[in-house]
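I opened my notebook for a first look around this structure. Here is what I looked up, spot by spot.

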Amino acid sequence: MPTTAPARLEPLQLLLKHDKPVPRYTSYPTAASFHTGVGPGELAAQLARPSSEPLSLYVHIPFCRHACWYCGCNRITTQAGSKVVGPYLQALGRELALIQQASGQRRRLSQLHWGGGTPNYLSVSEQAELWALIAHHFDLEPGLEASIEVNPEFLSRDEVLGLRRLGFNRISFGIQDADPEVQAAVNRIVPPDQLRRAMGWMREAGFESVNVDLICGLPLQTPDRFAATIALVEELRPDRVSLFSFAYLPEQLPLQRKIAADDLPSQRERVQMLQGAYDAFTSHGYDAIGMDHFALAEDSLAVAARAGRLHRNFQGYTTGGELDLLAIGVTAISQYPTLFSQNQRDLRAYLKALDAGVLPVERGLVVEDPDELLRRRIIQRLMCDFRVDFAHLGGADQTGQAINAQAGAEPLNGPQRFAAEWADLQALEADGLLQLESNGFRVSTEGRWLIRTIAAVFDPRQRLKASGSRLV
């Protein structure tokens with residue numbers, strides 16, 4: 001008597017079955033592994049290594065005029081304006097001087113990103129001062145990719161044009177949700193007409209790429225309301241869209257206690273919203289990039305994804321993951337092939353370290369174990385490509401170290417090398433989340449929603465204790 005294959009679970013059933021706390025894997029190992037045994041000395045040693053390669057520089061601007069209640073970013077809410085900005089710019093100058101002193105050479109920048117907080121908290125003149133400070137310490141490459149995050153609520157045409165004149169060619173702004181009731185429920189009110197004006201100014205200024213951020217799962221969101229937000233985004237037609245799933249963690253983020261749990265959409269509604277957004281964007285000229293991004297087919301992010309050159313770091317998906325990432329400012333995280341280094345997360349401690357003439361590193365992680373480096377590469381490719389081919393993971397990784405035992409070794413045998421993980425992958429295959437191959441696997445369309453869960457298979461720390469945020 002023939003047997004019938006078990007019925008496949010619906011997307012919501014899959015999410016509920018596999019939903020557990022998992023990291024977002026902007027790094028591996030994740031920031032949860034950072035410790036205070038790594039400090040200024042480790043970063044200074046890294047900076048002292050001669051290199052002719054260009055850098056990616058991240059600048060953290062922590063200030064916001066008011067707090068958005070969903071926010072989990074490191075930010076300082078203040079109305080003090082230049083009274084806090086002036087001393088902070090001076091501190092950044094001292095940090096850059098210490099970095100240059102430790103480096104002993106002048107490095108080139110091919111990528112620059114200002115994040116926050118709210119970088120456009122700075123006035124036009126303060127923005128120019130910070131740009132000049134960076135140019136004083138680094139050589140800016142002619143093709144510099146310079147991006148900035150802005151809050152559209154306080155944006156003006158003159159400021160947008162001024163940012164472009166400074167040299168920024170990529171810009172990102174948060175919509176999150178355009179519905180007025182949802183906006184009021186998270187204390188972030190920006191009328192749709194202001195969003196339209198902001199986009200118009202950015203196009204007028206000639207930015208090469210415009211990104212908008214959306215959040216699914218906010219209080220009072222419904223599939224119909226979120227569909228209206230998606231329709232507005234399609235009208236604005238940014239080059240890139242970041243679609244994040246709201247992580248409700250009131251026990252860790254006190255600000256979120258202002259959000260009533262009963263106001264949050266159900267898991268079924270969240271799945272409907274995510275699927276609706278996916279269908280809308282992919283049917284209107286956008287490629288799905290990684291787990292939560294979309295990009296127009298001609299955008300450099302989409303081009304990199306198709307070519308297998310997509311990378312993921314603390315800024316999300318990027319085309320420059322092969323670059324060392326140097327980060328300055330309070331709480332900023334630098335990322336090198338074998339070193340993570342995070343600055344002091346408290347502003348007073350950050351300033352105190354600089355006043356003492358010390359690099360303001362609070363904690364970090366040194367990663368030199370070949371097994372960890374291999375797992376990092378697996379998770380990186382999985383999060384970017386939705387597939388892993390173990391045979392192509394041999395050779396040298398980004399540290400220049402051989403992944404296999406010796407040069408010319410046999411290609412990596414995934415099922416043998418990761419026998420326990422392979423058994424987990426077989427269980428995920430039974431649910432239709434991926435398809436195993438002889439020496440690798442590829443994630444299914446259904447599995448894309450659970451890509452973090454699939455990546456966690458290769459994270460031994462997750463086997464010991466699940467941590468992170470839930471998927472829905």
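This is a predicted model: local features need pLDDT of at least 70, side-chain atom pairs count only at pLDDT 80 or more; totals for chains, interfaces and linings use all residues.

**A strand with neighbours on both sides**

I began with strand S6 (residues 170-176) and S7, which pair in the parallel sense over 6 bridges.

Asparagine 211 made a handy landmark. In S7, asparagine 211 stands opposite serine 172, and in S8 its bridge partner is arginine 240.

Next I asked myself how many residues of strand S7 (residues 209-216) are buried. The count came to 8 of the 8, so S7 is largely enclosed by the rest of the structure. I remembered that side chains in a regular strand alternate between the two faces of the sheet. I therefore checked each side of S7 in turn, and both faces are covered. Ser209, Asn211, Asp213 and Ile215 are buried on one side, and Val210, Val212, Leu214 and Cys216 are buried on the other.

**Two helices side by side**

I moved on to helix H4 (residues 124-137) and helix H5 (residues 157-166), which pack at an angle of about 15 degrees with their axes 10 Å apart. That angle makes H4 roughly parallel to H5. The crossing is right-handed. Where they meet, I found Val124, Gln127, Ala128 and Trp131 from H4 and Glu159, Leu163 and Leu166 from H5. I sorted these contact residues into 5 nonpolar, 1 polar and 1 charged.

**A serine in a loop**

Last, I looked up serine 444, in the loop between strand S19 (440-443) and helix H15 (451-456). Is serine 444 buried or exposed? Serine 444 is buried, because its relative accessible area is 18%, under the 20% cut-off. Leaving aside residues up to four places away in sequence, serine 444 touches Gly432, Leu433 and Leu434.

Conventions
Residues are numbered from 1 along each chain as its sequence is written. Side-chain values use heavy atoms; hydrogens and water are left out. Axes are lines fitted to C-alpha atoms, for helices over the stretch in contact, and angles run from 0 to 180 degrees between N-to-C directions. Helices (H or I, at least four residues) and strands (E, at least two) are DSSP runs, numbered from the N terminus. Angles under 35 degrees count as roughly parallel, over 145 as roughly antiparallel, 65 to 115 as roughly perpendicular and the rest as oblique. A crossing is left-handed if the near helix is turned anticlockwise from the far one by less than a right angle, and right-handed if clockwise. Contact means heavy atoms within 4.5 Å. Ala, Val, Leu, Ile, Met, Phe, Trp, Tyr, Cys and Pro count as nonpolar, Asp, Glu, Lys and Arg as charged, and the others, Gly among them, as polar. Buried means under 20% relative accessible area, exposed over 50%, partly exposed in between (1.4 Å probe, protein chains only). Two strands pair if DSSP finds at least two bridges between them.
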